[in-house]
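This report describes the architecture of one protein structure for a reader who is new to the subject. Please keep the sequence and the structure in view while reading.

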Amino acid sequence: MSTRKAILVINATRPEAVQAATNLANLLAKDSFELFTSSAVKISGVETVSVDLLPEAEIVIVLGGDGTILRGAEISRLRKIPLLGVNLGHVGFMAEVEKLSLETVAASVISKSYSTDPRMVLAYSVERNGKQVSSGWSLNEVTIERTESTMVELLVQVDRRPLSRWGCDGLICSTPTGSTAYAFSAGGPVVWPAVDALVVLPISAHALFSRPLVISPTSVIAVGIESSEAFLSADALRKFPLVAGDRVVVTKDSRVIQL
């Protein structure tokens, strides 16, 4: 029987996640699976390696909440393999199975009897003095936020058309997946994952017009930084400090995450 490989992403701070990973590893090992993780855990039958040494595999299995799934997305996106979330968090919108069905999870992985749900990803770039100084992606959202107690001043354009100039706490550009995360907490709409759209909404804007916008996935969102400084965050994992004159461009990425 040929050896198959799977990658486990585990919330190492949660004992129940480590225990679930241990149980799942035992189930998969019986069917000649080689298991790898870059999480800070020691589990029998699971080889712990650094992220850059994770091998090619057929699936990424996440044990934890949505924050852990976002870390798993980084691994699955590069390898173009499915990402399966086992929900161990208190609030989980991306995990597909509950923790009590680990036997079912193992059986589905072994038999490949699972379906995938492609989720939109955002791409962003930061332009400074005509040069690109940062770029990246996000599954949930790209946010531009204030760094101090004062508001951040932003000029927002959609498809090269000026939309609004906002003095606000920040701005969220969200995917449908991210519409139930930070954007939802800030008053944005819930967008069904199958709907191809982007959500743009200011955070606590000092303006008469500051409603959330749902726009085309082919649109280009450009945000000019008019304050002395601001801060960009993508899924709270990729971060970059911004200064006056910077231009942040957000679009739909060419890749997707297969949940």
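## The sheet that contains β7 and β18

In what order do the strands of the open sheet that contains β7 and β18 follow one another? In this predicted model, the order of the 6 strands is β8-β7-β18-β15-β10-β11, and their pairing is antiparallel. At the edges stand β8 (131–138) and β11 (161–168), each of which pairs on one side only. Direction ignored, neighbouring strands of this sheet are turned by 25 degrees against each other on average. Strands of a sheet pair through backbone hydrogen bonds, either parallel or antiparallel.

Strands β7 and β18 run antiparallel and are joined by 9 bridges. Within this pair, Ala123 stands opposite Thr251 in β18. A helix also belongs to this part of the picture: α2 (residues 66–79) lies across β7, β8 and β18. The helix runs at about 75 degrees to β18.

## A second open sheet

Another set of 6 strands forms an open sheet, in the order β14-β13-β12-β9-β16-β17, and here the pairing is antiparallel. The edges are formed by β14 (213–215) and β17 (238–243); each has a single partner strand, so one side of each is left without a neighbour in the sheet. From one strand to the next, the twist averages 15 degrees.

Strand β9 (residues 141–145) runs antiparallel to strand β16 (residues 229–234), and 4 bridges join them. Thr143 has Ser233 as its bridge partner in β16.

## Salt bridges

How many salt bridges does the model contain? The count comes to 11 salt bridges. One of them links the side chains of Glu127 and Arg247, with an N to O distance of 3.2 Å. Glu127 lies in strand β7 (residues 118–128) and Arg247 lies in strand β18 (residues 247–258), so this pair ties together parts that are 120 residues apart in sequence. Glu127 is partly exposed, at 28% relative accessibility, and Arg247 is also partly exposed, at 33%. Elsewhere, salt bridges that share partners join Glu74, Asp235 and Arg238 into one network.

Arg14 and Glu16 meet through their side chains at 2.6 Å, N to O.

## Nonpolar cores

Which residues touch the most other members of the largest nonpolar core? They are Val223 and Leu242, in a core of 29 residues. Leaving aside its neighbours within four places in sequence, Leu242 is in contact with several residues, including Val126, Ile144, Ile225, Phe231, Leu232 and Val248. The contacts of Leu242 also include Arg128, Ser228 and Glu229.

A search of the whole structure finds 0 disulfides. Cys168 takes part in none, and its nearest cysteine sulfur, that of Cys173, is 11 Å away. Cys168 is buried, with a relative accessible area of 0%. Cys173 is likewise in no disulfide, and Cys173 is buried, at 2% relative accessible area.

## Two residues with positive phi

Most residues other than glycine have a negative phi, and most peptide bonds are trans. Lys112 has a positive phi of about 55 degrees although it is not a glycine. This lysine, Lys112, lies in the loop between α3 (102–111) and β7.

Asp235 also has a positive phi, near 55 degrees, and is a residue other than glycine. Asp235 is placed in the loop between β16 and β17. Is Asp235 buried or exposed? Asp235 is buried, with a relative accessible area of 4%.

Notes: Residues are numbered from 1 along each chain as its sequence is written. This is a predicted model: local features need pLDDT of at least 70, side-chain atom pairs count only at pLDDT 80 or more; totals for chains, interfaces and linings use all residues. Side-chain values use heavy atoms; hydrogens and water are left out. A salt bridge is a side-chain nitrogen of Lys or Arg within 4 Å of a carboxyl oxygen of Asp or Glu. Buried means under 20% relative accessible area, exposed over 50%, partly exposed in between (1.4 Å probe, protein chains only). A nonpolar core is a set of buried Ala, Val, Leu, Ile, Met, Phe, Trp, Tyr and Cys residues joined through side-chain atoms within 4.5 Å. Contact means heavy atoms within 4.5 Å. A disulfide is a pair of cysteine sulfur atoms within 2.5 Å. Two strands pair if DSSP finds at least two bridges between them. Axes are lines fitted to C-alpha atoms, for helices over the stretch in contact, and angles run from 0 to 180 degrees between N-to-C directions.
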